[in-house]
Amino acid sequence: MSNWKIKEIELPLRFSWTISRNSCDTKKNLIVEYNSHSVLGLGEVAFNSRYGETMESIKKEFEKFVSICPKSVTTLADLEPVFQKVNISSSLRFGIESAFIHNMAHIADMSVTQIIGSNSLSKVKTSFSIPIMDPSKIAGFIKENNLTRFSALKLKVGAENDLDFIKEVHKNYDGPLRIDANEGWSNPDEVMKLLEGPLKKFNIEFLEQPFPSSSHEEYLKLKPISPVEIFADESITNGEVNRDLANQFHGVNIKLMKSGSYFKALNQLRAARELGMKTMVGCMVETSLGINSAINIAYGADYLDLDGFLLLEKDPYNYLYEDSGVIFLSHLH
């Protein structure tokens, strides 16, 4: 006999989180609980309004899922027809799948990586993201948060003063920069002027999702001439990584909350490598439960952006800890 529940968790942030689309001081996520054989498996749902997901829609989908889910679930394959009937959101699909797999791992005394067929990691190096803010606050922000300990910083852009913002970070931080526009820019010519002009001497690792995901022509124009690599984030959700995507981008940012499944995410990463694309494993604002899940697919990725739990005032799970820009599994501490 198995039992499914979902609960809301409120996560106050250490600072205002502002990207090109929105701003918030608190994040609300959901936790799926799957209880079977007196063992509790947990899965995080970091839903995203960008993909039409809301707290209300996720809860309704979950109620529908529970109402038609078989009373006894023995394999993941038992869940697939239920997912199809509910037309479930990616983030909730992952929360359910991961709760089930984490339960299975406890019962079978196996690691999650053994179950999903990936290689395990005990530590990963992550970048740290700086939200959009007034350039005059950058120096203090980097110093107060001791951000020089991270091997790379990701800068959220898409505001009026982007150039001043990037220059201020560069002035206060020596390492490589990753520029993430979250679809906030629109013109390839303007982007090229920045990259070949004022930003030319900066150590920029890549530019992530400069234009809206619908801007195929703009990406086809920018990719061959860009002096830095262009990464897809919002342009890749739970679909296939294919030649069309490879024609527009040099790399992909794979997130479990977008892929909706450990297995889908691993397939996307594999397909990207086969197409000669670079790979990054990223995250939403999540607790260490969700970030720990992302580490299960992180082996072999070119870049890791798994700072989601470091943005929280307090992490409720403490599955991970960070030291000198490296994330470690707490149970190995």
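Colleague: Hi! Which elements do the buried residues of helix 7 pack against?
Modeller: Helix 6 (162-172), strand 8 (204-208) and helix 8 (216-222) are what the buried residues of helix 7 pack against. Contact means heavy atoms within 4.5 Å, and buried means under 20% relative accessible area, with exposed over 50% and partly exposed in between (1.4 Å probe, protein chains only). Helices (H or I, at least four residues) and strands (E, at least two) are DSSP runs numbered from the N terminus. Bear in mind that this is a predicted model, where local features need pLDDT of at least 70 and side-chain atom pairs pLDDT 80 or more, while totals for chains, interfaces and linings use all residues. Residues are numbered from 1 along each chain as its sequence is written, and side-chain values use heavy atoms, leaving out hydrogens and water.

Colleague: Thanks! Which residues of helix 7 are buried?
Modeller: In helix 7 (residues 188-196), the buried ones are Pro188, Val191, Met192, Leu194 and Leu195. They span an arc of only 160° around the axis, which puts them on the same side of helix 7. The arc is taken from the directions from the helix axis to the C-beta atoms.

Colleague: And helix 6, what's buried there?
Modeller: Asp162, Phe165, Ile166, Glu168 and Val169 are the buried residues of helix 6. Looking down the axis of helix 6, they fall within an arc of 160°, so they line one face of the helix.

Colleague: What do the buried residues of helix 6 pack against?
Modeller: They pack against strand 5 (128-130), helix 5 (138-144), strand 6 and strand 7 (177-180).

Colleague: Which residues is Lys154 in contact with, leaving aside neighbours within four places in sequence?
Modeller: Lys154 is in contact with Phe128, Ser129, Ile130, Arg178, Asp180, Glu208, Asn253, Met280 and Asp305.

Colleague: Another lysine, then. Is Lys255 buried or exposed?
Modeller: Lys255 is buried, at a relative accessible area of 9%. You'll find Lys255 in the loop between strand 10 (251-254) and helix 10. Apart from neighbours within four places in sequence, its contacts are Asp233, Gly282, Cys283 and Met284.

Colleague: And Lys137, buried or exposed?
Modeller: Lys137 is exposed, with a relative accessible area of 56%. That residue is in the loop between strand 5 and helix 5. Its C-alpha atom is 48 Å from that of Asn3, 134 residues apart along the chain.

Colleague: New topic: at what angle do helix 1 and helix 3 pack?
Modeller: Helix 1 (residues 55-68) and helix 3 (residues 90-108) pack at about 45°, and their axes are 10 Å apart. Axes are lines fitted to C-alpha atoms, for helices over the stretch in contact, with angles from 0 to 180 degrees between N-to-C directions. The two helices are therefore oblique to each other: under 35 degrees would be roughly parallel, over 145 roughly antiparallel, 65 to 115 roughly perpendicular, and the rest oblique.

Colleague: Who meets whom between helix 1 and helix 3, and which residues are they?
Modeller: From helix 1 come Ile58, Glu61, Phe62 and Phe65, and they meet Ser91, Leu92 and Ile96 in helix 3. The residues of that contact divide into five nonpolar, one polar and one charged. Here Ala, Val, Leu, Ile, Met, Phe, Trp, Tyr, Cys and Pro count as nonpolar, Asp, Glu, Lys and Arg as charged, and the others, Gly among them, as polar.

Colleague: How far is the C-alpha atom of Phe65 from that of Gln84?
Modeller: They are separated by 9.9 Å, 19 residues apart along the chain. Gln84 lies in helix 2 (residues 80-86), and Gln84 counts as exposed at 57% relative accessibility.

Colleague: Last one: what phi does Ser38 have?
Modeller: A positive one of about 60°, although Ser38 is not a glycine. Most residues other than glycine have a negative phi. Ser38 is in the loop between strand 2 (23-36) and strand 3 (39-45), and at 74% relative accessibility Ser38 counts as exposed.

Colleague: And what about the phi of Gln209?
Modeller: Gln209 has a positive phi of about 40° and is not a glycine either. Gln209 sits in the loop between strand 8 and helix 8, where Gln209 counts as buried at 0% relative accessibility.
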